[in-house]
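This report describes a protein structure with two chains, part by part. Please look at the sequence and the structure before reading on.

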There are 2 protein chains.
Amino acid sequence: MAESQSQSQDKASGGKLYVVGIGPGSVEQLTLKAREVILNADYVLGNSTYLDQMESLLGTQEVIRSFMGKEVERARKAVELAKNANVVMISGGDTNVYGMAGIVLEVAEHENLDVDIEILPGVTAVLAGASLLGAPVVTDFAVISLSDLLTPWEVIEKRLNMAADADFVIGLYNPKSRKRKSNFARAIEIIRKYKAGSVPVGLVKNAMRGEEEDQIVTTLGEVMEYEDWVDMSTAILIGNGESRIWKSPKKDIIITPRGYHKKYDY
Amino acid sequence: MAESQSQSQDKASGGKLYVVGIGPGSVEQLTLKAREVILNADYVLGNSTYLDQMESLLGTQEVIRSFMGKEVERARKAVELAKNANVVMISGGDTNVYGMAGIVLEVAEHENLDVDIEILPGVTAVLAGASLLGAPVVTDFAVISLSDLLTPWEVIEKRLNMAADADFVIGLYNPKSRKRKSNFARAIEIIRKYKAGSVPVGLVKNAMRGEEEDQIVTTLGEVMEYEDWVDMSTAILIGNGESRIWKSPKKDIIITPRGYHKKYDY
């Protein structure tokens, strides 16, 4: 009831562009605000995979499906529609982290778009994965995509070297694709120059996305045994020098201590 | 209706420990799952500030308030209660990112706790801040806390140097406190050795936390003019070499291009 009321109010105001992070890919991991904004939209645009994940929220809105690789076209359409309607552009994970916020704002800037734009954050894949693994990230971390489609490989390599040397916890996105099979192996080789073989590594597939979720807890020394298991949808977390694996009665859990043991006794 | 049903089901099963990331600090930025788990808990433990932010969800649960600096004590209490009840430990932002997941699991490990533990992710402050600023993070990024309470300053300094040298987008947490007034200035000085003065910087206070939200868009060359404005609750985002500021008709927006302009024409 409350939903349909706020819907008519929002529609009356018109002309607003939302970029909405839907999190890992299930409705229960949406923020309350993201859910409300999707329900109240005139138009919902997105990659077909993400729209399917939000299917239970789509009814009265006009849904415009797009595909991987069509990001610029999709952003242009969203900006055009937002001049006269309430438009939601859906982004997987968080809107900022390799998400749609950038390209939508680049297109809006190009047109000097004069409508309200609201970017809504979501749970990014590497942090959904971290939650499943336990607490691998607790302290300083670096996030690196291994896709060299939009970033030169030399830049990626420099970032891998420096993040490993400074002992950041490291999250890797896009470890593999059909065209780039060896990037994962090359990244691990670089990180091993700085981090010990005993450092915990977590591999998570389809984190919090529903039935196909799967995870492996291993170490930097042994991770290449799972190379074939890793695919484009795998989030990878590599601990720092203090991270350890707790073989709990339920499952293997990665813990990176924050440093409380230096201050407290427990 | 659905809520009270699932509540009685969950309570019957008993003995489960949840660590729940509540996001930036308003109910609308909670995930649907986090909200459900809080509503169905027997006990909710947390820092008093975060419990106040969730007040509208607290009714039937037993609420145990704690304070900053009492994290270990609070974690011990949660682990003890979880042996026989449904317990939620609340964490600000995401449970992993400088959150409570680490210390709770450390205490559980110490006791070799044999109950189900579920860690629920949330929107972390630096990504809530990024959304307000536009799209500063879109590509590889590093997150560094300037608090040297639990991490030696030399380690922080090395991370600042390497993250800046590799041109990561950089998110800074805990820039200042009463005891550590100069860490922010020292961090900016280091980053300036590698990044140009024209690189955009966003400062966000109380991002998505309600009425006290505030933000400044400036550059690395000029950010020290706002030094007095920065406090412990300010999230700081520093762009990479391609980031720029769009002076949109509505407000100043930071955009870090993902690299689509290299592939597409728009």
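Two residues are said to be in contact when heavy atoms of theirs lie within 4.5 Å. The structure is a predicted model, and the term contact is used in that sense below.

Eight residues of domain 1 of chain A touch eight residues of domain 2 of chain A.

Between them, domain 1 and domain 2 of chain A bury about 620 Å², and 60% of this area is on carbon and sulfur atoms. On the domain 1 side, A:Pro24, A:Tyr98 and A:Val123 lose the most area to domain 2 of chain A, together 64% of what that side buries. What kinds of polar pairing cross the interface of domain 1 and domain 2 of chain A? Zero salt bridges are found there, but four residue pairs are in polar contact, with both residues at pLDDT 80 or more.

## Where chain A meets chain B

How much area do chain A and chain B bury between them? The value is about 7,800 Å², with 59% of it on carbon and sulfur atoms. Chain A brings 85 residues to the contact, and chain B brings 85 residues.

Polar pairing is found across this interface too. There are 10 salt bridges between chain A and chain B, and 35 residue pairs are in polar contact, with both residues at pLDDT 80 or more. On the side of chain A that touches chain B, helix H5 (residues 101-110) of chain A gives the most, with eight residues.

## Salt bridges

Side chains of opposite charge can pair when their charged atoms come close. Over all chains, the whole structure has 26 salt bridges. One of them links B:Lys250 and A:Asp114, with 3.6 Å from N to O. This pair crosses between chains: B:Lys250 is in the loop between S12 and S13 of chain B, while A:Asp114 is in the loop between H5 and strand S5 (116-120) of chain A.

A salt bridge also joins A:Asp140 to B:Arg159. The closest N and O atoms of A:Asp140 and B:Arg159 are 3.0 Å apart.

## An open sheet in chain B

In which order do the three strands of the open sheet in chain B stand? The order is S6-S13-S12, and the pairing is mixed. Strand S6 (134-135) and strand S12 (244-247) of chain B are at the edges with a single partner strand each, so one side of each has no neighbour in the sheet.

S6(B) and strand S13 (residues 252-255) of chain B run parallel and are joined by two bridges. Here B:Ala135 is opposite B:Ile255 of S13(B). S12(B) and S13(B) run antiparallel, with four bridges between them. B:Arg244 has B:Ile255 in S13(B) as its bridge partner. A hairpin of four residues leads from S12(B) to S13(B).

## A β-α-β unit in chain B

Strand S2 (residues 43-47) and strand S3 (residues 62-66) of chain B run parallel, joined by five bridges. Within this pair, B:Tyr43 has B:Glu62 in S3(B) as its bridge partner. Together with helix H3 (residues 48-53) of chain B, S2(B) and S3(B) make a β-α-β unit, which is right-handed.

How values were computed
Residues numbered from 1 in each chain as written. Chains lettered and ligands numbered in written order. Predicted model: local features only at pLDDT ≥ 70, side-chain atom pairs only at ≥ 80, totals over all residues. Heavy atoms only, no water. Pairing = 2+ DSSP bridges. Right-handed = clockwise from strand over helix to strand, strands pointing away. Buried area = accessible area lost by both parts, 1.4 Å probe. Salt bridge = Lys/Arg side-chain N within 4 Å of Asp/Glu carboxyl O. Polar contact = N/O pair within 3.5 Å; in protein donor to acceptor, adjacent residues only side chain to side chain.
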